[in-house]
Amino acid sequence: MVDSPGNRISPVPVEVGRANLHDVRVRWDDRHESLFPARDLRLLCPCAVCVSEDTGERILVPTQVPVGVQPLRIEAVGRYAIQVFWSDGHSSGIYSFDYLMENCPCPLCRRPVSPGNS
Amino acid sequence: MSADRSGPKRGSKPLAMAGGPPPPRPAPTPAEVRESLIPGVKYVIPVASGKGGVGKSTVSANIALALAADGARVGIMDGDVYGPSIPLILGVKDKPTPGPNGLLPVERYGIKVISMSFFLPPGEALIWRGPMLSKTIDQFLGGVEWGELDYLIVDLPPGTGDIQLSLCQKIPLTGAVIVSTPQDAALRVAERAVFMFQKLKCPILGIVENMSHFLCPSCGNREEIFGSGGCRKTGERLGIAFLGEIPLDTQIRIDSDRGRPTVIDAPESPQALAFRQIAENLVARIESQAKETARSGETRITF
């Protein structure tokens, strides 16, 4: 009764850390690794300021995000997400682990990280 | 996990603050967040149902008391800020008092209690929007001196809204208990609660079937008013452990209404034994879940 769908949940990161000075690396418990270039991750922000709650359309205009934007700090949100505090002052996005997994930019996942083509 | 009370607590402050660049410091792990909010609490167990009126609070209170009867240190946080009923069920007359590091919860039948009803005069309604609810959860966690507890039971309101989300965001929960009555109308909503917890990566410890059946006191006939066994079946389908069943019973209702829950009033009665069996099954599930969590570990943030 332990290893059941009720408790066996989709992959969870073992670690959210640095890939280099500014980019974010997520190491998953199924040994997958996702590497998010800092600015791409900023452009993926799922918060209500960046994405329309009505239409799901992205409101965030990429040209308004500084080229050198970088995470200053990342915090855990409960057991299911992270919150990123960005150098452009933005911090309202809660990136759930499922969302990060869905948007993994690696060739294996074949999900383009560019948020413009939603 | 020491009982060290020195130093300021940062628990009651909101965890996330927008604004200028914060000073660089290592991000707290979920465990550290819990440590800062409720330093001495070992396991946090939300009790949820999705649907209202299935007896969540009665089950929460009796499970909490059954755990305490087995020698555990237990607290119960009434998360139903709109319709708080834990103090009524436990017959609490006192109010929490201010302590050096936060509000001191009321103690009743050996367990610690916090509820919105302590702060709400009778005859008044609480009419709040979401952000206030989130602050209340902050206060109930970080602003209350829970001290050393083995179990903090959180009696959630019905639904899958602000309170549930806030709780799942603030602290890593040990796992949720789902309470339902066995008919489809309740189970379908309970399922949604299950999906919510799964989405928020909160493990499900098991499901309790309340109002499972009715034993007629005069003829002994067993009447399955809501159809029996529905929770067990739903549990099997969703892969959730079945923790046990509680009959629909006049005495349980009377005991709850007069503030002497069945586990306290008649600890050897079949009704109380049903609650105690559920508590026992729950402890086993908590322990195996805790091992599982320790094995897989919590997400480390090293950025």
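Let me begin with pLDDT, which is the predictor's confidence in each residue, on a scale from 0 to 100. What we are looking at is a predicted model, in which local features need pLDDT of at least 70 and side-chain atom pairs count only at pLDDT 80 or more, while totals for chains, interfaces and linings use all residues. Residues are numbered from 1 along each chain as its sequence is written, and chains are lettered from A, with ligands numbered from 1, in the order in which they are written.

For the complex, the predictor gives an ipTM of 0.81 and a pTM of 0.83. Chain B has a mean pLDDT of 88, with 88% of its residues at 70 or more, yet over residues 1–24 of chain B the pLDDT stays under 50. The model has 29 contacts beyond four places in sequence for that stretch, a contact being a pair of residues whose C-beta atoms, placed from the backbone, lie within 7 Å. Where pLDDT is low, the predicted coordinates should not be read in detail.

Turning to chain A, its secondary structure comes to two helices and six strands, where helices (H or I, at least four residues) and strands (E, at least two) are DSSP runs numbered from the N terminus. Along the sequence these follow the pattern β-β-β-α-β-β-β-α.

Within strand E2 of chain A, residues 24–28, we find Val24(A). Is Val24(A) buried or exposed? Val24(A) counts as buried because it has 24 C-beta neighbours inside 10 Å, the cut-offs being 20 or more other C-beta atoms within 10 Å for buried, 12 or fewer for exposed, and partly exposed in between, with C-beta atoms placed from the backbone. Beyond its neighbours within four places in sequence, Val24(A) has contacts that include Phe36(A), Leu41(A) and, from the other chain, Phe303(B).

Back in chain B, helix H10 runs over residues 270–296 and reaches 39 Å from its first C-alpha to its last, close to the 39 Å expected at 1.5 Å a residue, where the expected span is 1.5 Å times one less than the number of residues. Among the buried residues of H10(B) are Phe275(B), Ile278(B) and Leu282(B), and what covers the buried residues includes strand E1 (41–48) and helix H2 (56–69) of chain B. After H10(B) comes Gly297(B), with a positive phi near 75°.

Finally, in chain B, residues of H4(B), including Leu133(B) and Ile137(B), meet residues of H5(B), among them Ile163(B) and Leu167(B).

Notes
Contact = placed C-beta atoms within 7 Å.
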